[in-house]
Amino acid sequence: MERSEDSPLVSWSAPQCWFTIEYSPRVLDDIRLAVVDAFFSVPRGGVEIGGILLGDFQKKRLRITGYAPVECEHAFGPSFTLSDHDQERLAELLGRRSLPGRQAVGWYHSHTRSEIFFSDADLEIHRRFFPEPWQTALVLRPHTFQPTRAGFFFREAAPSLPPSPLSLLLPPPGSIRGEASYGEFALQPLPLRPGDMGEAVADAAPAPEPRRKAAVSDAVPQNPLSPGSGPAPESPASAESPRPETQGKGPRRRRKVLLAIGACLAAVFLAYGALDIVWLQADLKAQTERAKRAEKSLADARNELKIEREKSAARADTGK
Ligand SMILES: [Zn+2]
């Protein structure tokens, strides 16, 4: 993966992929944030989300410069499994996206409970809605304490590959290796650019905020959007969107709060433990004192008894 100076796009390639994938790091970071938000939105694995990758394909270069979330009513649970209704909406969304330079170049979705692979259901979606040989899928896997990982899935072998003995060894043209992605990579959170805060204040553009919220909250099963809802908001081409500092920091902040609570509890336990030791020591001392006193009084009593016995013995002697 490399990043050229004159272009903000990051390039990805693999020997098995007959074209180069170039993506806007800002677009993938936006997708990553939405994926992570949905991952933390529900305990034990979160919700999986997905959408369309927008861009263009020219001269064996696939460029990802935007995305559009796809609503999923999660009729089959938290996984990104599209119901008939979801698929209808996806088809409708794809029909709207045939603008030059902004066509659907593939799709993305997250796997929160499984590794990065292409399931049979994923293959079915890919074949049905993304039939072009160059159309690509991106699967993202969020983690609690590690960076989100991602992998591209694509149809192997160039359509115009010259016949050779080697080609017999290659998978048939158009097949997708689904068990794992070639060249899986980690998506490190993108740092804020110097201009971002200024832009966010100056423009106060609300566009990215609802988009990110939609990507997450609509994915929750209890809140399916009506089919007549407006067109899915689209990400601006290349990272022009203002990024208020608070966005996407929910999990990190939550972790900080949890850590703080943990530290407080530990301090309380430690203080309690120290206090306990002091009490125990004091108690032990008091018990020792009591034992000594008891021993002494017992010895005194024995002495008195002895004296009494001696006295009575003497009296008996004199009485005889
Ligand atoms: Zn999948």
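This is a predicted model: local features need pLDDT of at least 70, side-chain atom pairs count only at pLDDT 80 or more; totals for chains, interfaces and linings use all residues.
Colleague: How many residues does the largest nonpolar core have?

Modeller: Residues are numbered from 1 along each chain as its sequence is written. A nonpolar core is a set of buried Ala, Val, Leu, Ile, Met, Phe, Trp, Tyr and Cys residues joined through C-beta atoms within 7 Å, where buried means 20 or more other C-beta atoms within 10 Å of a residue's own, exposed means 12 or fewer, partly exposed lies in between, and C-beta atoms are placed from the backbone. The largest core of this kind has 44 residues.

Colleague: Which element gives the largest share of this core?

Modeller: Elements here are DSSP runs numbered from the N terminus: helices (H or I, at least four residues) and strands (E, at least two). At least two core residues each come from strand 3 (20-23), helix 1 (25-41), strand 4 (50-58), strand 5 (61-70), strand 6 (103-110), strand 7 (136-141) and strand 8 (148-153). The largest share is nine residues, and its source is helix 1.

Colleague: Why is helix 1 described as largely enclosed by the rest of the structure?

Modeller: Helix 1 has 17 residues and reaches 24 Å from its first C-alpha to its last, close to the 24 Å expected at 1.5 Å a residue (the expected span is 1.5 Å times one less than the number of residues). It is called largely enclosed because, of its 17 residues, the number buried is 13.

Colleague: Leaving aside neighbours within four places in sequence, which residues is Ile31 in contact with?

Modeller: Two residues are in contact if their C-beta atoms, placed from the backbone, lie within 7 Å. Ile31 is among the residues with the most contacts inside the core, as are Tyr67 and Tyr108. Leaving those neighbours aside, Ile31 is in contact with Tyr67, Tyr108 and Leu140.

Colleague: How many residues of strand 7 are buried?

Modeller: Thr136, Leu138 and Leu140 point one way from strand 7, while Ala137, Val139 and Arg141 point the other way, and all are buried. Strand 7 is thus mostly covered, and its count of buried residues is six of six.

Colleague: Which residue in strand 8 is the bridge partner of Leu140?

Modeller: Two strands pair if DSSP finds at least two bridges between them. Strand 7 and strand 8 pair in the antiparallel sense over five bridges, and they form a hairpin with six residues between them. For Leu140, the partner is Ala150.

Colleague: Which way do strand 6 and strand 7 run, parallel or antiparallel?

Modeller: Gly106 has Thr136 in strand 7 as its bridge partner, and Trp107 stands opposite Ala137. Strand 6, helix 3 (residues 120-129) and strand 7 make a right-handed β-α-β unit (right-handed: with the strands pointing away from the viewer, the path from the first strand over the helix to the second runs clockwise). Five bridges join strand 6 to strand 7, and the direction is parallel.

Colleague: Which residue of strand 6 stands opposite Ile52?

Modeller: Strand 6 is mostly covered, with seven of its eight residues buried. Strand 4 and strand 6 pair in the antiparallel sense over six bridges. Opposite Ile52 stands Trp107.

Colleague: How far apart in space are the C-alpha atoms of Ala121 and Thr81?

Modeller: Ala121 lies in helix 3 and is partly exposed, with 13 other C-beta atoms within 10 Å. Ala121 and Thr81 are 40 residues apart in sequence, but C-alpha to C-alpha the separation is 7.5 Å.

Colleague: What separates the C-alpha atoms of Ala157 and Trp18?

Modeller: Ala157 is in the loop between strand 8 and strand 9 (185-187). Ala157 counts as partly exposed, having 17 C-beta neighbours inside 10 Å. Ala157 and Trp18 are 139 residues apart along the chain, and their C-alpha atoms are separated by 6.0 Å.

Colleague: What percentage of the residues score a pLDDT of at least 70?

Modeller: Over residues 1-7, pLDDT stays under 50, and the model has six contacts beyond four places in sequence for them. Over residues 198-249 the pLDDT is below 50 too. The protein averages a pLDDT of 74, and the share of residues scoring at least 70 is 59%.

Conventions: pLDDT is the predictor's confidence in each residue, from 0 to 100.
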